Structure formats: structure tokens, C-alpha cells
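Take a look at the structure below. This short report walks through two parts of it.

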Amino acid sequence: MSNELKEDASIVHPSVQPLFTPFSIGKLTLPNRIVMAPMTRTFSPNGMPGADVAQYYRRRAENGVGLIITEGTVINHPSSADHPNVPHFYGPALDGWSSVVEQVHAAGGRIFPQLWHVGMARTAGNPPNPESLPIGPSGIDLSGNQVTAPMTQSDILSVIEAFAQAAGDAKLLGFDGIEIHGAHGYLIDQFFWKQTNKRSDRYGGDSFEGRTRFAVEIIRAIRNAVGPDFPIALRISQWKNSNYTAKLAETPEQLSSFLEPLTTAGVDIYHCSTRRFWEPEFEGSDLNLAGWVKSLTGRPTVTVGSVGLNEEFIRSFASGQVTQVTSLDGLIERLEQNEFDLVAVGRSLLVDPEWAMKIRNGRFGELNPFTVESLGTL
Ligand SMILES: Cc1cc2nc3c(=O)[nH]c(=O)nc-3n(C[C@H](O)[C@H](O)[C@H](O)COP(=O)(O)O)c2cc1C
């Protein structure tokens with residue numbers, strides 16, 4: 001490949017062309033389909049994102065990422081975090097986020113914060129607020145232990161308000177939208193999941209109508225705070241950090257009942273978290289989770305999971321088992337078939353800020369392989 005081609009950001013390698021077409025969500029137009037997946041980095045001392053965090057995101061924007069979703073950033077509630085260096089999305093930390101937005105926009109990028117409350121995933125006694133007990137729908141942790149009392153109505157209201165406040169602040173700071181972290185077994189997902197939600201009131205029960213009510217009220221409160229045109233993404237997953245085989249929905253019908261109240265409440269984009277994008281969600285169809293969610297709701301979806309990682313990198317991520325080797329080919333075909341609209345990339349972009357530009361130019365041999373050591377620096 002010539003040096004000319006390497007240096008020309010406008011050149012799109014024909015094999016990846018579908019990734020580099022624009023996409024609009026309401027009034028927001030993204031220049032391409034590549035999304036930086038949210039990744040907790042714990043580089044914000046006492047919750048304050050500094051200039052290094054702004055530069056970290058800027059490097060991805062400069063190198064052609066279409067949309068950045070920030071690391072999970074915690075809402076204003078005493079037990080929302082489980083680590084002192086996870087960024088806050090309230091108080092003085094908002095100044096740091098303002099610089100992040102400024103840097104990303106100056107580089108031509110778009111950015112959503114991922115708004116987060118860890119719920120029962122918090123270990124009692126951990127900083128930043130050791131005295132604050134973990135909260136969750138039934139006070140049950142991800143392993144099924146009763147740790148605290150179930151959330152009261154007033155706990156529920158204060159968390160809903162904190163999410164809405166954070167979303168309103170995101171808009172004021174100039175973010176291009178927000179993502180609600182409703183996945184991986186954290187607070188909102190603890191309401192969705194039967195094993196952690198044993199409530200018998202309007203926030204629980206056997207039906208998804210009850211178990212989605214907390215999220216529905218958060219989405220509505222956020223919509224009130226941000227108005228009609230500000231994109232709201234919701235990240236969902238079947239799997240939990242503690243349980244890779246967990247399922248909220250065993251069938252497409254169940255998935256449809258789960259999604260219906262959330263879509264009605266006003267989700268604009270579903271970010272469907274899977275560990276491998278090529279895995280079918282249900283028997284009898286090749287569609288992955290993002291494919292099913294798009295077809296059931298008609299809303300745009302983001303897929304994610306091992307994009308650009310080869311066999312070796314998959315091994316380092318999880319169980320030590322290698323099940324399949326991936327390439328970008330299947331991904332591009334699925335995108336062309338409109339199975340989903342956007343493609344989130346996590347570890348490949350963490351290790352290589354130039355990943356999107358290298359892919360764009362077809363410089364595949366220059367991609368930096370993911371290493372666990374890369375987690376040690378920004
Ligand atoms: C270091 C690290 C931190 C992560 N933190 C978050 C997070 O804060 N919020 C979230 O929704 N997912 C988080 N994830 C999951 C990623 O967003 C993504 O879904 C996952 O890494 C799979 O994508 P990949 O195979 O491209 O890395 C994290 C993943 C990694 C590797």
C-alpha cells in the first residue's frame with residue numbers, strides 16, 4: 001500500500017465502505033457507523049475527569065470514530081459507584097466533562113456520556129462512599145445473596161431524579177445525546193432480571209411491564225429534562241458480569257414484551273451488548289441481538305462484541321476458550337443487510353486510537369493487537 005493512501009483520510013478501502021456511510025438519528029448525523037463502546041477506565045481521581053481523559057477521547061475522534069460513548073460515569077447518588085476513580089457526572093466533575101466535549105467536538109467527533117448506577121454490584125464498604133450501602137430492587141446481589149433491604153419508593157424516586165439531572169446536564173454541556181446503562185447486571189438491569197428483582201409491587205412481578213417500570217420512569221424523566229430532539233440510547237444485554245449465560249428473554253416473543261414499554265417510553269437507539277456479534281440470539285435465525293431488537297422495535301440498533309479481535313484476543317477477554325475466529329467480513333455483510341445500523345468497538349479502539357482510520361484506509365496490517373497491559377494506561 002502506498003504512503004499516499006496511508007495518509008489520506010478521505011480514502012475508504014472498498015471492502016469496508018458500508019462502515020463509512022453517514023447515519024442519522026433524528027437531527028443528529030453521524031459521519032460513519034463506528035461507535036466507541038463505553039469502557040470503564042478508572043483514570044479520574046476522586047471522580048474528576050482531567051485533561052488526560054479529554055485527550056484520550058480526542059485521539060479517537062481525531063481518528064475518525066463516528067460516535068464516542070464514554071466510559072460509565074456515575075449519577076449523583078451516594079452508592080452509584082464502586083470505585084473512587086470512576087468519573088462522576090455531577091458536581092465539579094462536570095467541568096472536566098465540559099473539556100471532554102470541547103476536545104471531541106474540536107476534532108470533529110460526536111459524544112454521549114454513559115450514565116451509570118452500579119446498584120447491588122457495589123461491595124459494601126468500598127470507596128468512594130464506604131458508608132453507603134448498595135441499593136437494588138430487592139437488596140439481592142448478583143449471586144442471589146440478600147445484602148440490604150429492597151429499595152423504597154423514595155430511593156427509587158431519588159435515583160430517577162439523579163438520572164434525569166445528569167441527562168439535563170449532559171445537554172447543557174453540549175453532549176450530542178446520552179446513553180443509559182441498562183446492561184450487564186447493574187442497577188437498571190437488576191430491575192429487569194427476575195433473579196435480582198423479587199418485588200411484588202409495580203416495579204416487579206412476573207411481567208416485563210413491572211420489571212421495566214423503573215427504566216420507563218427514568219427514560220420519561222430524562223425525556224422531560226432534555227426535550228424531544230436529544231437522542232436517548234439504552235444499553236441492554238442478556239448477559240450479566242457475573243453470569244455470561246443469563247437471559248432476560250428466552251424467545252423473540254419475550255424479547256418483544258421486554259422492549260415494548262421501553263420503546264413506548266422513548267428510547268431512540270438500542271445498544272445491544274453481546275460478547276460476539278456473530279452469535280445468533282435465538283434458534284432458527286442468524287439474527288444477533290441487535291438484529292432482533294431492530295426488527296422488533298423498528299428503532300436503530302448498535303451491535304458490539306469482539307469486532308476486529310482475532311482468536312488470540314478473544315482468548316484473553318473471557319473464559320480462556322476460543323470458540324471462533326472473527327474478521328470484519330461477516331460484520332460488513334450484516335450491516336449491508338441492515339441487520340443493525342451502528343457497530344461499537346471496545347478493546348480494538350482502546351488499544352489503538354487510530355483503529356477507525358486504519359480500517360477506513362484498509363491498513364489492516366497496521367492494527368495494534370489488544371493486550372491486557374493496554375488497560376494500564378489511558
Ligand atoms: C476495560 C473495559 C471496560 C468496560 N466498561 C464498560 C462500561 O463502563 N460500560 C459498559 O456498558 N460496558 C463496558 N465494557 C464492555 C464494552 O463496552 C464492550 O461491550 C465489550 O468490551 C465488548 O466489545 P469488544 O469485544 O469490542 O471489546 C467494558 C469493557 C472493557 C474491556
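## Around the ligand

Which residues come nearest to the ligand? They are Pro 38, Thr 40, Arg 235, Ser 306 and Arg 347, out of 17 residues around the ligand. Keep in mind that this is a predicted model.

What kinds of residue form the shell around the ligand? Seven are nonpolar, eight are polar and two are charged.

## Polar contacts and cover

Arg 235 has a polar side-chain atom 2.7 Å from an oxygen atom of the ligand. Gln 114 places a polar side-chain atom 2.8 Å from a ligand nitrogen atom. Gly 346 uses its backbone instead: a polar backbone atom there is 2.8 Å from an oxygen atom of the ligand.

How much of the ligand does the protein cover? On its own, the ligand has 610 Å² of accessible area. The protein covers 88% of that.

## A residue in helix 4

Now turn to Ile 160. This residue lies in helix 4, which spans residues 153–173. Is Ile 160 buried or exposed? Its relative accessibility is 7%. Buried means under 20%, so Ile 160 counts as buried.

Which residues does Ile 160 touch, leaving out those up to four places away in sequence? The contacts are Phe 214, Glu 217, Ile 218 and Ala 221.

Val 302 gives a sense of distance. Ile 160 and Val 302 are 142 residues apart in sequence. In space, their C-alpha atoms are 25 Å apart.

How values were computed: Residues numbered from 1 in each chain as written. Predicted model: local features only at pLDDT ≥ 70, side-chain atom pairs only at ≥ 80, totals over all residues. Heavy atoms only, no water. Near = heavy atom within 4 Å. Polar contact = N/O pair within 3.5 Å; in protein donor to acceptor, adjacent residues only side chain to side chain. Areas by Shrake-Rupley, 256 points an atom, 1.4 Å probe, with all protein chains shown as cover. Nonpolar A, V, L, I, M, F, W, Y, C, P; charged D, E, K, R; others polar. Helix = DSSP H or I, 4+ residues; strand = E, 2+ residues; numbered from the N terminus. Buried < 20%, exposed > 50% of the residue type's maximum accessible area, 1.4 Å probe, protein only. Contact = heavy atoms within 4.5 Å.
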